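Please keep the viewer open as you read.

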Amino acid sequence: MRAVAFHPDGKHVLGGSDDGIRRWQLDNGQEVGKQTGKTVYAISVSMDHKWIVSGTEEGVNVWDEEMQKKVLQHVDGTNSVNAVDVSPDSTTFAAGIDRAVSIWRITSGERLVGPLKHDFYVTAVRFSPNGERIATASSGRSIRIFDSRSGDELITIKTVTPSIWPITPLAWSNDGLQIFAASTDNKIKSFDVLTGSQLAKSQSLNGSNVKSIALAANKKFIATSSGSTTSFLDTSNLSLIDPVIEDSNGLWAIAISPNSGYLATGQYDGKIVIRDLGGVLPDSYGPFHVSICPFHVGMSDKPHSVSHIDALS
């Protein structure tokens, strides 16, 4: 399961696999939708719940969520699309295609910005929380931040992001003043987006090759995946939070639910694993405000409660 994303409604989780996008309800694990297609490497859902954008081996697809129908397909290059993101106002989307990033109007497919050329293949694109900037990463190279309206490059941040894919090595802080990035030394680093200066860095994390990072909506912690390991970091100083979770399968992708209560990991074996973080992290990293219980009961005696969604079934 190469891509995973929680729906903004907090009630569904989506996974990108070898045959398209699939969706499940969190409360019972029931599959409630499927968009059949080519292998999916990245998924982003609009905040207005109207659109799903996917990066695939055949280009970028835009789906009407209510109709579960593909309404746009954009092919601009010869390689797979590993990075997509929908703007916070749900009107545009960005994608990294080959060695360039562009921004399109989501309703018409009109290109508004770009292509913004990069020296190497683009592995990540992320809109800032207010949508005014976009951060990009390319294979084994620096982070760039652009004005999302004009396409002007604002700053280059000197760090080396992983070159493996599919990955999601970038996350903005909620106030838009910092960016968190995975680096090739298996650490997470935070940078001031105005000056490019490094603010903090984590210790070397367990596992190998940090593929994905996700920032909790409550601003208190970050989750990372590397190899078969999930680690958690305090956003204030990037110190490691116990416990570190070891899975039996390698991990492609991770996501944190909108209420910061659940973690989803997409695994090599085609499953999505859902964990209740209220039973994993210390209470100080909550409150977790969990309103639904995914696929199981009796969490009080299961500190590491886990549920599985089998995308191969």
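Which residue in β7 does Val53 stand opposite? Val53 faces Val62 of β7. Before going further, a word on the ground rules: this is a predicted model, in which local features need pLDDT of at least 70 and side-chain atom pairs count only at pLDDT 80 or more, while totals for chains, interfaces and linings use all residues. Residues are numbered from 1 along each chain as its sequence is written, and side-chain values use heavy atoms, with hydrogens and water left out.

**The chain as a whole**

The protein chain has 28 strands and zero helices. Both kinds of element are DSSP runs numbered from the N terminus, with helices (H or I) needing at least four residues and strands (E) at least two. Of its 313 residues, 56% count as buried; here buried means under 20% relative accessible area, exposed means over 50%, and partly exposed lies in between, with a 1.4 Å probe and protein chains only. Among contacts (heavy atoms within 4.5 Å) with a separation of 6 or more, 42% are between residues 24 or more positions apart. The accessible surface of the chain comes to about 12,500 Å², and carbon and sulfur atoms hold 46% of that area. Such areas come from the Shrake-Rupley method with a 1.4 Å probe, and for residues only the protein chains shown count as cover.

Let us return to β6, which spans residues 51-56 and has six of its six residues buried. Trp51, Val53 and Gly55 are on one side, Ile52, Ser54 and Thr56 on the other, and all of them are buried. Two strands pair if DSSP finds at least two bridges between them. Strand β5 (residues 40-45) runs antiparallel to β6 over five bridges, and Val45 stands opposite Ile52 in β6. The hairpin of β5 and β6 has five residues between the strands, and His49 takes a positive phi near 70° there. On the other pairing, β6 and β7 (residues 59-64) are antiparallel over six bridges, and their hairpin has two residues between the strands.

**Phe6 and its contacts**

Phe6 belongs to strand β1 (residues 3-6), and it counts as buried at 9% relative accessibility. Ile256 is 250 residues away from Phe6 along the chain, yet their C-alpha atoms are separated by 7.0 Å. Leaving aside residues up to four places away in sequence, Phe6 touches a set of residues including His12, Leu26, Ile256, Pro258 and Tyr262.

**Aromatic rings**

Three aromatic pairs turn up in a search of the whole structure. Rings of Phe, Tyr and Trp (its six-membered ring) pair if their centres lie within 6.5 Å; planes under 30 degrees apart count as stacked, over 60 as edge-to-face and the rest as tilted. Phe93 and Trp104 are stacked, because their ring centres lie 5.2 Å apart with planes at 20°. Phe93 sits in β10 (residues 92-97) and Trp104 in β11 (residues 100-105), so the pair ties together parts that are eleven residues apart in sequence. Phe93 is buried at 2% relative accessibility, and Trp104 is buried at 1%.

The rings of Phe221 and Phe232 are edge-to-face, because their centres are 6.4 Å apart and their planes stand at 65°. Phe221 lies in β22 (residues 221-226) and Phe232 in β23 (residues 229-234), eleven residues apart. Both Phe221 and Phe232 are buried.

A charge also meets a ring: Arg99 lies over the face of Tyr121, at 4.9 Å from the ring centre. The rule asks for NZ of Lys or CZ of Arg within 6 Å of the ring centre and within 35 degrees of the ring normal.

**Salt bridges**

Side chains of opposite charge can pair when their charged atoms come close. A salt bridge is a side-chain nitrogen of Lys or Arg within 4 Å of a carboxyl oxygen of Asp or Glu, and the count comes to nine.

Asp247 and Arg275 are both buried. Asp119 is exposed at 51% relative accessibility, whereas Arg144 is buried at 17%.
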